[in-house]
Amino acid sequence: MSPSMSSRPRPLNPSTESVSLLARWQRSLSARLARPQPLFLSAEGVQASGDKAQAQAQAFADWCRLHAGQAADITVSAKLLHELVCEPGLPLGDEAQLQAYARQLFGHYFGAPAKSWPLATWRVAAGEGSAEQCGAVALHGAAAAQLQELAASHQVHLTRVQPAWAPVLRRVAAEQPEWLRAPAAALAWVEGQVLTWLQLQNGQLQSLRQLRLAATTHAALGETLAELSAALSASTGTALPSTVLVCGYGLDADAPAPHWPGLRVLGRLGAKAPEAGCFEEGASAVKTSLPRPDFLGSRLPRSPLAWPLAGLGGLALLAGFWFASHSQQDLKQAQERQQALSAEAAQLRGAPAPKMAAPVARSSTKANDAEALRSAAEVQALLLQPWQAVLSNVEQAGASATSAAPGNAGVEGLSWLALDYNAGRQELRLEGLASDKLLALQMVDRLSAAPGWQGVMLSRFQTGEQGLQGQRFELNAKLRPAALQVDLPPKAASEAPKP
(Lines give C-alpha, C1' and ligand atoms only; values in the text may rest on other atoms or scores of the structure.)
Protein backbone atom coordinates (compact mmCIF):
# COMPACT_ATOMS: atom_id res chain seq x y z
CA MET A 1 0.00 0.00 0.00
CA SER A 2 1.43 3.39 -0.97
CA PRO A 3 1.93 6.14 1.64
CA SER A 4 -0.74 8.29 0.02
CA MET A 5 -3.30 5.50 0.33
CA SER A 6 -2.37 4.65 3.94
CA SER A 7 -2.89 8.27 5.04
CA ARG A 8 -6.30 8.51 3.37
CA PRO A 9 -9.08 8.90 6.03
CA ARG A 10 -11.44 5.98 6.53
CA PRO A 11 -14.85 6.61 4.91
CA LEU A 12 -17.60 7.45 7.36
CA ASN A 13 -20.31 4.85 7.71
CA PRO A 14 -23.11 6.65 9.59
CA SER A 15 -25.35 3.60 9.82
CA THR A 16 -22.67 1.30 11.35
CA GLU A 17 -21.39 3.93 13.77
CA SER A 18 -24.92 4.81 14.91
CA VAL A 19 -25.85 1.17 15.48
CA SER A 20 -22.66 0.58 17.51
CA LEU A 21 -23.29 3.60 19.72
CA LEU A 22 -26.94 2.65 20.12
CA ALA A 23 -25.95 -0.88 21.19
CA ARG A 24 -23.58 0.52 23.86
CA TRP A 25 -26.28 2.88 25.07
CA GLN A 26 -28.79 0.03 25.28
CA ARG A 27 -26.35 -2.09 27.32
CA SER A 28 -25.66 0.81 29.68
CA LEU A 29 -29.38 1.43 30.16
CA SER A 30 -30.13 -2.27 30.73
CA ALA A 31 -27.29 -2.40 33.29
CA ARG A 32 -28.89 0.42 35.30
CA LEU A 33 -32.25 -1.33 35.19
CA ALA A 34 -30.88 -4.81 35.94
CA ARG A 35 -31.03 -6.41 39.38
CA PRO A 36 -27.49 -6.25 40.86
CA GLN A 37 -25.66 -9.55 41.23
CA PRO A 38 -23.95 -9.84 44.65
CA LEU A 39 -20.21 -10.44 44.30
CA PHE A 40 -17.55 -11.11 46.91
CA LEU A 41 -14.14 -9.59 46.10
CA SER A 42 -11.09 -11.29 47.65
CA ALA A 43 -7.39 -11.49 46.84
CA GLU A 44 -8.14 -14.38 44.44
CA GLY A 45 -10.76 -12.43 42.46
CA VAL A 46 -14.57 -12.26 42.55
CA GLN A 47 -17.24 -14.90 42.98
CA ALA A 48 -20.98 -14.75 43.47
CA SER A 49 -21.89 -14.47 47.16
CA GLY A 50 -23.12 -17.82 48.45
CA ASP A 51 -21.44 -19.92 45.78
CA LYS A 52 -20.46 -23.44 46.79
CA ALA A 53 -17.11 -23.79 48.50
CA GLN A 54 -15.51 -25.48 45.48
CA ALA A 55 -16.50 -22.61 43.14
CA GLN A 56 -13.42 -20.90 41.72
CA ALA A 57 -12.95 -17.15 41.88
CA GLN A 58 -12.23 -15.32 38.63
CA ALA A 59 -10.63 -12.01 37.70
CA PHE A 60 -13.04 -9.08 37.77
CA ALA A 61 -12.15 -8.21 34.15
CA ASP A 62 -13.21 -11.72 33.06
CA TRP A 63 -16.47 -11.46 35.00
CA CYS A 64 -17.28 -8.11 33.37
CA ARG A 65 -16.55 -9.50 29.92
CA LEU A 66 -19.00 -12.37 30.51
CA HIS A 67 -21.69 -10.14 32.09
CA ALA A 68 -21.67 -7.01 29.89
CA GLY A 69 -24.80 -4.90 30.37
CA GLN A 70 -25.49 -6.20 33.89
CA ALA A 71 -25.15 -4.74 37.40
CA ALA A 72 -23.01 -5.79 40.38
CA ASP A 73 -23.09 -5.16 44.13
CA ILE A 74 -19.55 -5.83 45.41
CA THR A 75 -18.61 -6.76 48.96
CA VAL A 76 -14.88 -6.53 49.71
CA SER A 77 -13.02 -9.03 51.90
CA ALA A 78 -11.40 -7.73 55.09
CA LYS A 79 -8.09 -9.14 53.81
CA LEU A 80 -7.96 -6.29 51.27
CA LEU A 81 -8.88 -3.53 53.73
CA HIS A 82 -7.25 -1.25 56.27
CA GLU A 83 -9.43 0.38 58.92
CA LEU A 84 -9.22 3.76 60.65
CA VAL A 85 -11.44 5.07 63.45
CA CYS A 86 -10.85 8.76 64.22
CA GLU A 87 -10.61 10.10 67.74
CA PRO A 88 -13.79 11.95 68.78
CA GLY A 89 -13.46 15.73 68.78
CA LEU A 90 -11.08 16.09 65.80
CA PRO A 91 -11.94 18.99 63.46
CA LEU A 92 -13.14 16.80 60.59
CA GLY A 93 -16.40 18.49 59.77
CA ASP A 94 -16.65 17.73 56.04
CA GLU A 95 -15.77 14.91 53.69
CA ALA A 96 -12.65 16.57 52.26
CA GLN A 97 -11.10 17.03 55.71
CA LEU A 98 -11.87 13.45 56.72
CA GLN A 99 -10.36 12.02 53.51
CA ALA A 100 -7.25 14.22 53.77
CA TYR A 101 -6.69 13.13 57.40
CA ALA A 102 -7.16 9.45 56.50
CA ARG A 103 -4.78 9.62 53.52
CA GLN A 104 -2.15 11.26 55.69
CA LEU A 105 -2.32 8.50 58.31
CA PHE A 106 -2.43 5.64 55.78
CA GLY A 107 0.55 7.18 53.96
CA HIS A 108 2.46 7.46 57.25
CA TYR A 109 1.97 3.78 58.13
CA PHE A 110 1.99 2.13 54.70
CA GLY A 111 4.10 4.47 52.58
CA ALA A 112 3.46 6.98 49.80
CA PRO A 113 1.47 4.56 47.54
CA ALA A 114 -1.19 4.31 50.25
CA LYS A 115 -2.15 7.96 49.68
CA SER A 116 -3.76 6.98 46.36
CA TRP A 117 -5.72 3.97 47.65
CA PRO A 118 -9.51 4.18 47.21
CA LEU A 119 -11.25 5.35 50.39
CA ALA A 120 -14.72 4.80 51.85
CA THR A 121 -15.61 7.07 54.75
CA TRP A 122 -18.38 6.74 57.31
CA ARG A 123 -19.99 8.80 60.06
CA VAL A 124 -22.26 7.94 62.96
CA ALA A 125 -24.39 10.74 64.35
CA ALA A 126 -23.77 11.63 67.96
CA GLY A 127 -26.21 10.12 70.44
CA GLU A 128 -27.13 11.36 73.87
CA GLY A 129 -24.00 11.86 75.93
CA SER A 130 -21.63 10.78 73.12
CA ALA A 131 -19.65 12.49 70.37
CA GLU A 132 -19.87 11.86 66.65
CA GLN A 133 -17.89 8.85 65.41
CA CYS A 134 -16.24 8.81 61.99
CA GLY A 135 -13.70 6.69 60.20
CA ALA A 136 -12.33 5.53 56.87
CA VAL A 137 -11.65 2.25 55.07
CA ALA A 138 -8.80 1.93 52.55
CA LEU A 139 -8.88 -0.60 49.70
CA HIS A 140 -5.37 -1.99 49.37
CA GLY A 141 -3.56 -2.12 46.04
CA ALA A 142 -3.57 -0.28 42.74
CA ALA A 143 -5.69 -2.91 40.98
CA ALA A 144 -8.62 -2.11 43.25
CA ALA A 145 -8.74 1.42 41.85
CA GLN A 146 -9.48 -0.02 38.38
CA LEU A 147 -12.80 -1.58 39.39
CA GLN A 148 -14.86 1.32 38.04
CA GLU A 149 -12.79 1.57 34.84
CA LEU A 150 -13.19 -2.15 34.11
CA ALA A 151 -16.92 -2.01 34.81
CA ALA A 152 -17.43 1.07 32.60
CA SER A 153 -15.51 -0.48 29.69
CA HIS A 154 -17.99 -3.40 29.60
CA GLN A 155 -21.12 -1.36 30.48
CA VAL A 156 -21.38 -3.01 33.91
CA HIS A 157 -23.15 -0.82 36.47
CA LEU A 158 -21.70 -0.88 40.01
CA THR A 159 -24.35 -0.14 42.62
CA ARG A 160 -22.11 -0.45 45.71
CA VAL A 161 -18.56 -1.41 46.69
CA GLN A 162 -18.56 -1.85 50.47
CA PRO A 163 -16.39 -3.54 53.14
CA ALA A 164 -17.69 -6.93 54.31
CA TRP A 165 -18.24 -5.93 57.92
CA ALA A 166 -20.79 -3.20 57.02
CA PRO A 167 -23.57 -5.40 55.51
CA VAL A 168 -22.85 -8.14 58.08
CA LEU A 169 -23.35 -5.66 60.92
CA ARG A 170 -26.62 -4.38 59.44
CA ARG A 171 -27.92 -7.92 58.83
CA VAL A 172 -27.11 -9.05 62.38
CA ALA A 173 -28.71 -5.87 63.77
CA ALA A 174 -31.91 -6.65 61.84
CA GLU A 175 -32.01 -10.28 63.04
CA GLN A 176 -30.92 -9.60 66.65
CA PRO A 177 -32.72 -6.40 67.79
CA GLU A 178 -32.24 -7.21 71.50
CA TRP A 179 -28.50 -7.58 70.96
CA LEU A 180 -28.40 -4.23 69.15
CA ARG A 181 -30.17 -2.42 72.01
CA ALA A 182 -27.82 -3.83 74.68
CA PRO A 183 -25.79 -1.30 76.73
CA ALA A 184 -22.62 -2.98 75.46
CA ALA A 185 -22.32 -5.48 72.61
CA ALA A 186 -19.76 -6.68 70.10
CA LEU A 187 -19.61 -8.45 66.75
CA ALA A 188 -16.63 -10.56 65.64
CA TRP A 189 -16.35 -11.04 61.86
CA VAL A 190 -13.78 -13.72 60.97
CA GLU A 191 -12.16 -14.26 57.56
CA GLY A 192 -9.53 -16.92 58.11
CA GLN A 193 -6.68 -15.29 59.99
CA VAL A 194 -8.19 -11.78 59.89
CA LEU A 195 -10.59 -10.78 62.67
CA THR A 196 -12.67 -7.59 62.56
CA TRP A 197 -13.93 -6.59 66.03
CA LEU A 198 -16.83 -4.11 66.24
CA GLN A 199 -17.94 -2.78 69.62
CA LEU A 200 -21.34 -1.09 70.07
CA GLN A 201 -23.15 0.77 72.82
CA ASN A 202 -26.94 1.21 72.72
CA GLY A 203 -26.95 0.59 68.96
CA GLN A 204 -24.10 3.02 68.22
CA LEU A 205 -20.74 1.88 66.86
CA GLN A 206 -18.02 2.84 69.34
CA SER A 207 -14.87 1.17 68.02
CA LEU A 208 -13.64 -0.94 65.11
CA ARG A 209 -10.43 -2.96 65.19
CA GLN A 210 -8.71 -5.32 62.77
CA LEU A 211 -6.60 -8.07 64.33
CA ARG A 212 -4.62 -11.05 63.05
CA LEU A 213 -5.05 -14.47 64.67
CA ALA A 214 -2.08 -16.66 65.52
CA ALA A 215 -3.55 -19.41 63.28
CA THR A 216 -6.69 -20.18 61.32
CA THR A 217 -8.09 -22.40 64.07
CA HIS A 218 -11.03 -22.26 66.44
CA ALA A 219 -8.61 -22.44 69.38
CA ALA A 220 -6.69 -19.34 68.25
CA LEU A 221 -9.95 -17.46 67.71
CA GLY A 222 -11.24 -18.53 71.13
CA GLU A 223 -8.15 -17.17 72.89
CA THR A 224 -8.40 -13.82 71.13
CA LEU A 225 -12.14 -13.52 71.78
CA ALA A 226 -11.63 -14.33 75.47
CA GLU A 227 -9.26 -11.39 75.79
CA LEU A 228 -11.54 -9.03 73.86
CA SER A 229 -14.64 -10.11 75.82
CA ALA A 230 -12.82 -9.62 79.12
CA ALA A 231 -11.88 -6.10 78.07
CA LEU A 232 -15.51 -5.45 77.05
CA SER A 233 -16.81 -6.63 80.42
CA ALA A 234 -14.18 -4.58 82.26
CA SER A 235 -15.16 -1.42 80.37
CA THR A 236 -18.78 -1.80 81.58
CA GLY A 237 -18.02 -3.17 85.04
CA THR A 238 -20.40 -6.14 84.71
CA ALA A 239 -20.47 -9.54 83.07
CA LEU A 240 -22.41 -9.35 79.82
CA PRO A 241 -23.44 -12.84 78.65
CA SER A 242 -24.64 -13.32 75.10
CA THR A 243 -23.62 -9.83 73.98
CA VAL A 244 -20.80 -11.02 71.74
CA LEU A 245 -21.79 -12.55 68.39
CA VAL A 246 -19.32 -14.41 66.16
CA CYS A 247 -19.70 -15.14 62.45
CA GLY A 248 -17.50 -15.64 59.41
CA TYR A 249 -15.62 -18.37 57.56
CA GLY A 250 -12.15 -19.73 56.82
CA LEU A 251 -11.23 -21.62 60.02
CA ASP A 252 -10.25 -25.30 60.30
CA ALA A 253 -13.19 -27.25 58.89
CA ASP A 254 -12.51 -30.52 60.76
CA ALA A 255 -12.69 -29.00 64.26
CA PRO A 256 -15.88 -29.64 66.27
CA ALA A 257 -18.31 -26.79 66.89
CA PRO A 258 -16.83 -24.66 69.70
CA HIS A 259 -18.59 -23.77 72.91
CA TRP A 260 -17.42 -20.44 74.28
CA PRO A 261 -19.19 -19.18 77.44
CA GLY A 262 -20.85 -15.83 76.87
CA LEU A 263 -20.41 -15.99 73.08
CA ARG A 264 -22.85 -16.98 70.35
CA VAL A 265 -21.70 -18.35 67.01
CA LEU A 266 -23.85 -17.60 63.94
CA GLY A 267 -23.34 -20.05 61.08
CA ARG A 268 -20.31 -22.27 60.37
CA LEU A 269 -16.88 -20.78 60.96
CA GLY A 270 -15.26 -23.71 59.14
CA ALA A 271 -16.81 -22.92 55.73
CA LYS A 272 -14.41 -22.16 52.88
CA ALA A 273 -16.44 -19.17 51.61
CA PRO A 274 -19.12 -16.81 53.00
CA GLU A 275 -22.47 -18.53 53.41
CA ALA A 276 -25.41 -17.71 51.15
CA GLY A 277 -27.22 -14.56 52.24
CA CYS A 278 -24.39 -13.55 54.54
CA PHE A 279 -24.30 -10.00 53.12
CA GLU A 280 -28.04 -9.58 52.50
CA GLU A 281 -29.72 -7.07 54.79
CA GLY A 282 -33.27 -8.24 54.10
CA ALA A 283 -36.51 -6.31 53.98
CA SER A 284 -36.58 -5.79 57.77
CA ALA A 285 -33.45 -3.65 57.93
CA VAL A 286 -33.26 -1.73 61.20
CA LYS A 287 -33.64 2.04 60.98
CA THR A 288 -30.53 2.93 62.91
CA SER A 289 -27.39 4.99 62.39
CA LEU A 290 -25.06 2.13 61.49
CA PRO A 291 -22.16 2.95 59.15
CA ARG A 292 -22.67 2.62 55.39
CA PRO A 293 -19.22 3.11 53.84
CA ASP A 294 -19.14 2.90 50.04
CA PHE A 295 -16.03 3.16 47.84
CA LEU A 296 -18.21 4.70 45.12
CA GLY A 297 -18.88 7.66 47.41
CA SER A 298 -22.05 8.97 49.00
CA ARG A 299 -24.82 9.73 46.53
CA LEU A 300 -27.93 11.87 46.73
CA PRO A 301 -31.26 10.05 47.00
CA ARG A 302 -32.94 9.58 43.63
CA SER A 303 -35.51 12.25 42.80
CA PRO A 304 -38.96 11.42 41.39
CA LEU A 305 -37.86 13.38 38.30
CA ALA A 306 -35.13 10.83 37.47
CA TRP A 307 -37.19 8.34 35.49
CA PRO A 308 -39.31 10.91 33.58
CA LEU A 309 -36.19 12.77 32.48
CA ALA A 310 -34.37 9.55 31.58
CA GLY A 311 -37.37 8.39 29.55
CA LEU A 312 -37.53 11.75 27.79
CA GLY A 313 -33.85 11.54 26.86
CA GLY A 314 -34.28 7.98 25.63
CA LEU A 315 -37.20 8.98 23.43
CA ALA A 316 -35.15 11.81 21.95
CA LEU A 317 -32.30 9.44 21.08
CA LEU A 318 -34.63 6.85 19.56
CA ALA A 319 -36.40 9.53 17.51
CA GLY A 320 -33.06 10.74 16.15
CA PHE A 321 -31.98 7.25 15.22
CA TRP A 322 -35.33 6.55 13.53
CA PHE A 323 -35.03 9.76 11.52
CA ALA A 324 -31.51 8.85 10.34
CA SER A 325 -32.59 5.33 9.33
CA HIS A 326 -35.55 6.57 7.32
CA SER A 327 -33.41 9.24 5.66
CA GLN A 328 -31.09 6.52 4.41
CA GLN A 329 -34.04 4.50 3.10
CA ASP A 330 -35.56 7.53 1.33
CA LEU A 331 -32.20 8.28 -0.29
CA LYS A 332 -31.86 4.72 -1.59
CA GLN A 333 -35.44 4.69 -2.94
CA ALA A 334 -34.94 8.04 -4.69
CA GLN A 335 -31.79 6.78 -6.39
CA GLU A 336 -33.58 3.63 -7.58
CA ARG A 337 -36.51 5.65 -8.96
CA GLN A 338 -34.15 8.00 -10.79
CA GLN A 339 -32.31 5.10 -12.40
CA ALA A 340 -35.58 3.43 -13.43
CA LEU A 341 -36.96 6.63 -15.00
CA SER A 342 -33.72 7.26 -16.88
CA ALA A 343 -33.71 3.71 -18.26
CA GLU A 344 -37.39 3.94 -19.25
CA ALA A 345 -36.88 7.26 -21.04
CA ALA A 346 -33.87 5.93 -22.94
CA GLN A 347 -35.83 2.84 -23.99
CA LEU A 348 -38.73 4.95 -25.33
CA ARG A 349 -36.39 7.09 -27.39
CA GLY A 350 -34.48 4.05 -28.59
CA ALA A 351 -31.21 5.76 -27.71
CA PRO A 352 -28.91 6.07 -24.76
CA ALA A 353 -29.83 8.62 -22.12
CA PRO A 354 -28.59 12.18 -22.82
CA LYS A 355 -25.13 12.94 -21.61
CA MET A 356 -26.37 15.96 -19.61
CA ALA A 357 -28.57 13.73 -17.45
CA ALA A 358 -25.61 12.15 -15.65
CA PRO A 359 -24.23 15.38 -14.09
CA VAL A 360 -27.74 16.37 -12.97
CA ALA A 361 -28.25 12.95 -11.37
CA ARG A 362 -24.84 13.11 -9.72
CA SER A 363 -25.59 16.58 -8.39
CA SER A 364 -28.91 15.41 -6.96
CA THR A 365 -27.27 12.33 -5.46
CA LYS A 366 -24.54 14.42 -3.85
CA ALA A 367 -27.14 16.74 -2.32
CA ASN A 368 -29.06 13.78 -0.93
CA ASP A 369 -25.84 12.22 0.39
CA ALA A 370 -24.87 15.48 2.08
CA GLU A 371 -28.31 15.73 3.70
CA ALA A 372 -28.06 12.13 4.92
CA LEU A 373 -24.58 12.73 6.34
CA ARG A 374 -25.79 15.85 8.16
CA SER A 375 -28.67 13.87 9.67
CA ALA A 376 -26.33 11.06 10.71
CA ALA A 377 -23.86 13.55 12.21
CA GLU A 378 -26.66 15.12 14.25
CA VAL A 379 -27.73 11.69 15.53
CA GLN A 380 -24.13 10.85 16.43
CA ALA A 381 -23.77 14.15 18.27
CA LEU A 382 -26.92 13.35 20.28
CA LEU A 383 -25.67 9.86 21.10
CA LEU A 384 -22.27 11.17 22.22
CA GLN A 385 -23.70 13.71 24.65
CA PRO A 386 -23.07 12.96 28.36
CA TRP A 387 -26.77 12.49 29.10
CA GLN A 388 -26.06 10.98 32.52
CA ALA A 389 -24.39 14.20 33.69
CA VAL A 390 -27.03 16.48 32.06
CA LEU A 391 -30.02 14.64 33.50
CA SER A 392 -28.32 14.14 36.87
CA ASN A 393 -27.56 17.90 37.14
CA VAL A 394 -31.17 18.82 36.32
CA GLU A 395 -32.44 16.20 38.77
CA GLN A 396 -30.17 17.36 41.63
CA ALA A 397 -30.87 21.06 41.01
CA GLY A 398 -34.61 20.40 41.02
CA ALA A 399 -34.40 18.25 44.15
CA SER A 400 -32.49 20.96 46.06
CA ALA A 401 -34.96 23.74 45.15
CA THR A 402 -37.34 24.57 47.99
CA SER A 403 -40.20 27.00 48.10
CA ALA A 404 -40.26 30.00 50.43
CA ALA A 405 -43.99 30.55 50.03
CA PRO A 406 -46.06 30.14 53.24
CA GLY A 407 -46.83 26.48 53.80
CA ASN A 408 -44.57 25.28 50.95
CA ALA A 409 -41.21 25.12 52.73
CA GLY A 410 -39.30 21.96 51.85
CA VAL A 411 -41.99 20.83 49.35
CA GLU A 412 -40.95 19.83 45.86
CA GLY A 413 -42.84 22.14 43.50
CA LEU A 414 -41.16 21.46 40.16
CA SER A 415 -42.52 19.33 37.34
CA TRP A 416 -41.11 19.11 33.82
CA LEU A 417 -43.03 19.46 30.56
CA ALA A 418 -40.40 19.35 27.80
CA LEU A 419 -36.67 19.07 27.05
CA ASP A 420 -35.14 20.23 23.77
CA TYR A 421 -31.42 20.00 22.94
CA ASN A 422 -29.59 21.22 19.82
CA ALA A 423 -26.36 19.20 19.61
CA GLY A 424 -24.85 21.45 16.94
CA ARG A 425 -25.20 24.64 18.95
CA GLN A 426 -25.04 22.80 22.29
CA GLU A 427 -28.09 24.67 23.55
CA LEU A 428 -30.59 23.21 26.01
CA ARG A 429 -34.16 24.31 26.60
CA LEU A 430 -36.30 23.11 29.53
CA GLU A 431 -40.00 23.79 30.09
CA GLY A 432 -41.62 23.16 33.43
CA LEU A 433 -44.15 24.14 36.08
CA ALA A 434 -43.21 25.65 39.46
CA SER A 435 -45.39 26.32 42.47
CA ASP A 436 -43.77 29.76 42.73
CA LYS A 437 -41.12 31.79 40.91
CA LEU A 438 -38.47 31.22 43.62
CA LEU A 439 -38.15 27.55 42.69
CA ALA A 440 -37.28 28.40 39.10
CA LEU A 441 -34.78 31.07 40.22
CA GLN A 442 -33.11 28.60 42.59
CA MET A 443 -32.87 26.15 39.68
CA VAL A 444 -31.11 28.82 37.59
CA ASP A 445 -28.67 29.63 40.43
CA ARG A 446 -27.74 25.99 41.02
CA LEU A 447 -27.15 25.23 37.33
CA SER A 448 -25.24 28.48 36.77
CA ALA A 449 -22.74 27.41 39.44
CA ALA A 450 -22.36 23.90 37.96
CA PRO A 451 -19.36 23.02 35.76
CA GLY A 452 -20.20 22.95 32.06
CA TRP A 453 -23.33 25.18 32.30
CA GLN A 454 -23.21 28.68 30.81
CA GLY A 455 -25.73 31.42 30.16
CA VAL A 456 -28.44 29.80 32.29
CA MET A 457 -31.46 32.10 32.29
CA LEU A 458 -35.26 32.19 32.45
CA SER A 459 -36.54 33.16 29.02
CA ARG A 460 -40.24 32.95 29.89
CA PHE A 461 -42.36 32.93 33.05
CA GLN A 462 -46.15 33.02 33.01
CA THR A 463 -49.22 31.64 34.71
CA GLY A 464 -49.97 28.08 33.60
CA GLU A 465 -52.68 27.53 31.01
CA GLN A 466 -56.02 25.95 31.80
CA GLY A 467 -55.45 22.51 33.28
CA LEU A 468 -51.89 23.29 34.44
CA GLN A 469 -51.44 24.41 38.04
CA GLY A 470 -48.58 26.72 38.91
CA GLN A 471 -46.27 29.05 37.03
CA ARG A 472 -45.02 27.89 33.64
CA PHE A 473 -41.39 28.77 32.94
CA GLU A 474 -38.81 28.19 30.22
CA LEU A 475 -35.09 27.80 31.00
CA ASN A 476 -32.32 28.15 28.38
CA ALA A 477 -28.66 27.23 28.80
CA LYS A 478 -25.46 26.74 26.83
CA LEU A 479 -23.60 23.46 27.61
CA ARG A 480 -19.95 22.54 27.51
CA PRO A 481 -20.18 18.70 27.50
CA ALA A 482 -16.49 18.11 28.26
CA ALA A 483 -16.74 20.05 31.55
CA LEU A 484 -19.98 18.47 32.83
CA GLN A 485 -19.84 16.46 36.06
CA VAL A 486 -22.34 13.89 37.33
CA ASP A 487 -22.61 15.48 40.81
CA LEU A 488 -23.30 19.16 41.40
CA PRO A 489 -20.95 21.10 43.73
CA PRO A 490 -22.17 21.25 47.35
CA LYS A 491 -24.79 23.89 47.89
CA ALA A 492 -23.37 26.96 49.65
CA ALA A 493 -24.82 27.88 53.01
CA SER A 494 -25.75 31.28 51.63
CA GLU A 495 -27.98 29.63 49.03
CA ALA A 496 -30.08 27.74 51.56
CA PRO A 497 -33.65 29.10 51.82
CA LYS A 498 -34.30 31.32 54.80
CA PRO A 499 -37.28 30.61 57.02
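The model is predicted: local features need pLDDT of at least 70, side-chain atom pairs count only at pLDDT 80 or more, and totals for chains, interfaces and linings use all residues. Residues are numbered from 1 along each chain as its sequence is written, and side-chain values use heavy atoms, with hydrogens and water left out.

Start with helix H12, residues 437-448. Helices (H or I, at least four residues) and strands (E, at least two) are DSSP runs, numbered from the N terminus. H12 has twelve residues. From first C-alpha to last, H12 reaches 17 Å, close to the 16 Å expected at 1.5 Å a residue. That expected span is 1.5 Å times one less than the number of residues.

What caps the N-terminal end of H12? Asp-436 does, with a side-chain oxygen 3.0 Å from the backbone nitrogen of Leu-438.

Now the buried side. Buried means under 20% relative accessible area, with a 1.4 Å probe and protein chains only. In H12, the buried residues include Leu-439, Met-443 and Leu-447. Their cover includes helix H11 (387-400) and strands S13 (414-422), S14 (427-434), S15 (453-463) and S16 (471-479).

Next, the strands. Two strands pair if DSSP finds at least two bridges between them. S14 and S16 pair antiparallel over eight bridges. There, Arg-429 has Asn-476 of S16 as its bridge partner. S15 and S16 also run antiparallel, joined by eight bridges. Gln-454 partners Lys-478 in S16.

Last, Trp-179, in helix H7 (residues 177-180). Buried or exposed? Trp-179 counts as buried because its relative accessibility is 4%.

Terms used
Buried < 20%, exposed > 50% of the residue type's maximum accessible area, 1.4 Å probe, protein only. Contact = heavy atoms within 4.5 Å. Polar contact = N/O pair within 3.5 Å; in protein donor to acceptor, adjacent residues only side chain to side chain.
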